[in-house]
Amino acid sequence: MAVNLKKGQGVSLRKDQNDLSKVTIGLGWDIAQAESGGLLGSMFAKKEPDYDLDVVAFLCGGSGKVNDLGKTENGQPTLVNGDIVFYNSMQHHTGQVVLTGDNRTGAGDGDDEQIIANLNGLPDKYQKIAFVVQIYKGIEQKQSFGKVKNAFIRAVDRGGKEMARFDLSGGEGFANCRSMIFAELVREEGGWKFNAIGRPFETDSFVHILRDHYI
């Protein structure tokens with residue numbers, strides 16, 4: 001049975017109790033629908049653009065920082081083929097962490113996006129994986145986590161056992177927030193620890209979180 005976590009809590013995922021050779025980090029969410037304002041309102045109201053939430057993984061060393069920012073172009077890091085798994089670099093260069101795809105709307109039940117990790121095969125130099133969610137073009141489209149509801153992140157082992165889950169909905173307290181450090185996996189003796197973070201930011205770009213907190 002999964003351990004349901006609250007913000008700030010954590011749980012150990014032990015190798016001797018779980019098959020960590022294929023861990024699915026699944027994320028899901030719904031978007032609160034605006035009130036229609038009656039028949040005429042629904043007919044003439046401008047349709048709000050779909051929310052596009054992106055999931056990103058930062059693979060960190062012992063210092064808790066990302067060491068490889070990927071290949072460079074014109075002297076600047078591109079983040080591609082480095083220690084960041086995101087929509088432009090969906091497989092880590094070790095082959096042990098993969099983003100399965102981009103669900104642009106969050107429609108449907110179950111996981112909206114998944115990152116799959118072989119935690120047993122990940123080289124020892126990686127001591128932490130941070131999972132960040134951003135609302136793509138959230139500032140431009142005036143979107144925020146204030147309208148995100150039923151959000152969750154969960155960890156499922158190779159056998160399909162849900163080991164840990166963290167549920168987090170938005171609300172007015174997140175009305176100016178467009179990205180979030182949702183959770184972290186931290187290597188420990190005998191396995192990994194899943195920590196529920198839930199730290200929001202006003203920026204709609206994971207690059208700002210990377211710059212300010214992980215490099």
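How many cavities of 30 Å³ or more does a search of the whole structure find? The search finds 1 such cavity, where a cavity is a set of points on a 1 Å grid over the protein atoms alone at which a 1.4 Å probe fits but cannot get out. The model is a predicted one, in which local features need pLDDT of at least 70 and side-chain atom pairs count only at pLDDT 80 or more, whereas totals for chains, interfaces and linings use all residues. Residues are numbered from 1 along each chain as its sequence is written, and side-chain values use heavy atoms, with hydrogens and water left out.

**Cavity and lining**

- The largest cavity holds about 100 Å³ of space, the volume being the space filled by probe spheres set on grid points that are joined across faces, edges and corners.
- Its lining comprises 15 residues, a lining residue being one with an atom within 4 Å of a point.
- Phe-145, Val-148, Ala-151, Leu-168 and Phe-182 are the lining residues nearest the centre of the largest cavity.
- Two or more residues of this lining come from each of strand S3 (23–31), strand S11 (148–156) and strand S13 (179–188); strands are DSSP runs of E with at least two residues, numbered from the N terminus.
- By residue class, the lining has 12 nonpolar residues, 3 polar residues and no charged residues. Ala, Val, Leu, Ile, Met, Phe, Trp, Tyr, Cys and Pro count as nonpolar, Asp, Glu, Lys and Arg as charged, and the others, Gly among them, as polar.

- Ile-25 has Ala-155 as its bridge partner in S11 and stands opposite Ile-115 in S9.
- S11 is joined to strand S12 (residues 162–168) by 6 bridges, and the two run antiparallel; here Phe-152 stands opposite Asp-167.
- S11 and S12 form a hairpin with 5 residues between them, and Gly-160 in the turn has a positive phi of about 90°.

- Lys-137 lies in the loop between strand S10 (128–135) and S11, and its phi is positive, near 55°.
- Lys-137 counts as partly exposed because its relative accessibility is 36%; the class lies between buried (under 20% relative accessible area) and exposed (over 50%), for a 1.4 Å probe and protein chains only.
- Asn-150, located in strand S11, is not a glycine but has a positive phi of about 55°.
- At 44% relative accessibility, Asn-150 likewise counts as partly exposed.

**A buried serine**

- Ser-89 is placed in the loop between strand S7 (84–85) and S8.
- With a relative accessible area of 6%, Ser-89 is buried.
- A polar atom of the Ser-89 side chain lies 3.1 Å from the backbone nitrogen of Asn-81.

Key. 1 Å grid on protein atoms, 1.4 Å probe; cavity = no way out; pocket = protein on both sides within 12 Å on 5 of 7 lines; lining within 4 Å. Helix = DSSP H or I, 4+ residues; strand = E, 2+ residues; numbered from the N terminus. Pairing = 2+ DSSP bridges. Polar contact = N/O pair within 3.5 Å; in protein donor to acceptor, adjacent residues only side chain to side chain.
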